[in-house]
Amino acid sequence: MASEIRDINLAPSGAMKIEWVKNHCDLLRTLEEEFAKTKPFAGKKVALSVHLEAKTAYLCKVLKAGGAEMFVTGSNPLSTQDDVAAALVADGLEVHAWHGSTPEEYDAHIRAVLKIGPNIIIDDGGDLVHMMHTEFKDLIPQVIGGCEETTTGILRLEAMNRDGKLEFPMVRVNNAQCKHFFDNRYGTGQSVWDGINRTTNLIVAGKTVVVAGYGWCGKGVSMRAKGLGAKVIVTEIDPVKAIEAVMDGFEVMPMKKAAALGDFFVTVTGCDKVIEEEDFMEMKDGAILCNAGHFDCEIDMAGLRKMAVESHELRNNIIGYKLSNGNTLAVLGEGRLVNLACGDGHPAEIMDMSFAIQALSAKYLVEHGAELKEKLIDVPADVDREVAVKKLAFLGKEIDVLTPEQEKYLNSSAV
Ligand SMILES: NC(=O)c1ccc[n+]([C@@H]2O[C@H](COP(=O)([O-])OP(=O)(O)OC[C@H]3O[C@@H](n4cnc5c(N)ncnc54)[C@H](O)[C@@H]3O)[C@@H](O)[C@H]2O)c1
């Protein structure tokens with residue numbers, strides 16, 4: 001089937017972005033060279049649905065260098081960059097994605113990369129796996145397995161697995177240490193503020209930032225807000241995470257109280273309706289709302305659209321919703337992941353680690369998929385460690401090594 005993209009003439013701009021990424025992704029570059037020789041994916045079809053910007057495009061090229069036939073789509077209607085999609089097509093990959101796709105077009109693109117009968121699935125948020133199990137059951141026997149990139153996708157997989165509905169092995173890439181320690185915390189922490197700052201062009205110092213969720217991403221978003229000079233309020237449902245936020249120096253309170261205080265709101269929980277109708281009515285005039293969680297349900301956009309007496313574009317990627325109390329709330333990127341809908345996503349060096357884990361996990365599935373007993377597996381510890389060891393070397397850092405005496409001490413029961 002022919003690719004479906006906006007405009008192939010955009011390819012040179014996309015190619016330049018991918019080249020920039022390649023020059024900052026040491027691990028992936030090494031893997032590309034290795035895979036080009038060993039061809040671990042020879043004869044395998046890979047369907048991939050990940051936010052389609054330059055880092056993802058480079059992952060696709062690395063897998064292709066390893067012999068994979070690539071079928072690529074995005075994982076959010078607003079995160080696809082049309083020039084990057086065009087560059088992949090110019091390089092001979094099949095792509096079905098464009099920026100600003102309608103829900104129907106988004107589903108049609110997911111369908112297009114599944115109907116080719118993939119052997120490996122690389123998913124971000126669970127849409128490929130979900131549709132494979134509903135619309136393409138007949139193609140499931142060809143699937144060796146897949147990899148899931150994000151927390152929300154893993155929650156969906158765990159629910160499917162509990163219900164006995166998951167029919168092929170999936171690797172929890174997000175749960176690898178070299179993924180969530182860095183991608184969710186430092187990647188989201190930096191790129192969320194990059195998205196907010198470039199979209200609003202407003203000062204953060206001296207303002208109050210409300211961060212909903214103090215998980216891996218929320219910690220990063222809060223830490224960087226503090227670094228920009230904001231007063232940070234955290235909302236949580238988990239008492240342990242709430243104590244962690246207190247001890248990290250942040251105010252903690254329920255959203256019902258925080259709503260009246262925030263100048264900026266960032267939701268990053270993976271949960272539904274974290275900011276809802278009664279919260280909107282409490283907010284200050286001009287409050288800025290955005291989401292960094294996977295789905296656009298954390299800010300109740302349907303509720304906000306319904307209760308707004310008027311809405312209009314305030315600036316590129318910002319819609320103002322005027323409420324009956326006269327206040328206007330400014331929502332960035334339609335409530336979709338602000339770092340991708342209003343920016344370029346995580347820094348390249350961060351995705352170098354995440355996508356090295358993806359590529360090595362996909363290779364592991366090709367080599368071991370048939371013998372796996374569990375349907376939901378973790379990234380093998382030696383893969384996680386290999387990525388850490390190599391990244392540290394690329395960072396030019398050395399660490400200590402246990403002496404035989406120390407090793408004996410640590411492993412002795414007679415301490
Ligand atoms: N924007 C990005 O680039 C990016 C990157 C990685 C992950 N994600 C997504 O971000 C979300 C969070 O990921 P994470 O890795 O931080 O997950 P996590 O599980 O580490 O943290 C989520 C936190 O939210 C809290 N929470 C849940 N419901 C809440 C509610 N109603 N109110 C307040 N707090 C609530 C939980 O207690 C938890 O501490 C997921 O949807 C994930 O897929 C986005």
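This is a predicted model: local features need pLDDT of at least 70, side-chain atom pairs count only at pLDDT 80 or more; totals for chains, interfaces and linings use all residues.
Residues are numbered from 1 along each chain as its sequence is written, and side-chain values use heavy atoms, with hydrogens and water left out.

For cysteine 271, the closest cysteine sulfur belongs to cysteine 297 and sits 7.6 Å away, again too far for a bond. A search of the whole structure finds zero disulfides, a disulfide being a pair of cysteine sulfur atoms within 2.5 Å. Cysteine 290 is buried at 2% relative accessibility, whereas cysteine 271 is partly exposed, at a relative accessible area of 41%; here buried means under 20% relative accessible area, exposed over 50%, and partly exposed in between, with a 1.4 Å probe and protein chains only.

Now to two valines. Valine 246 lies in helix H10, residues 239-247, and is partly exposed, with a relative accessible area of 46%. Valine 143, by contrast, counts as buried at 8% relative accessibility, and it lies in the loop between helix H6 (127-134) and strand S5 (145-148); helices (H or I, at least four residues) and strands (E, at least two) are DSSP runs numbered from the N terminus. From lysine 44, valine 143 is 99 residues away in sequence and 10.0 Å away in space, C-alpha to C-alpha.
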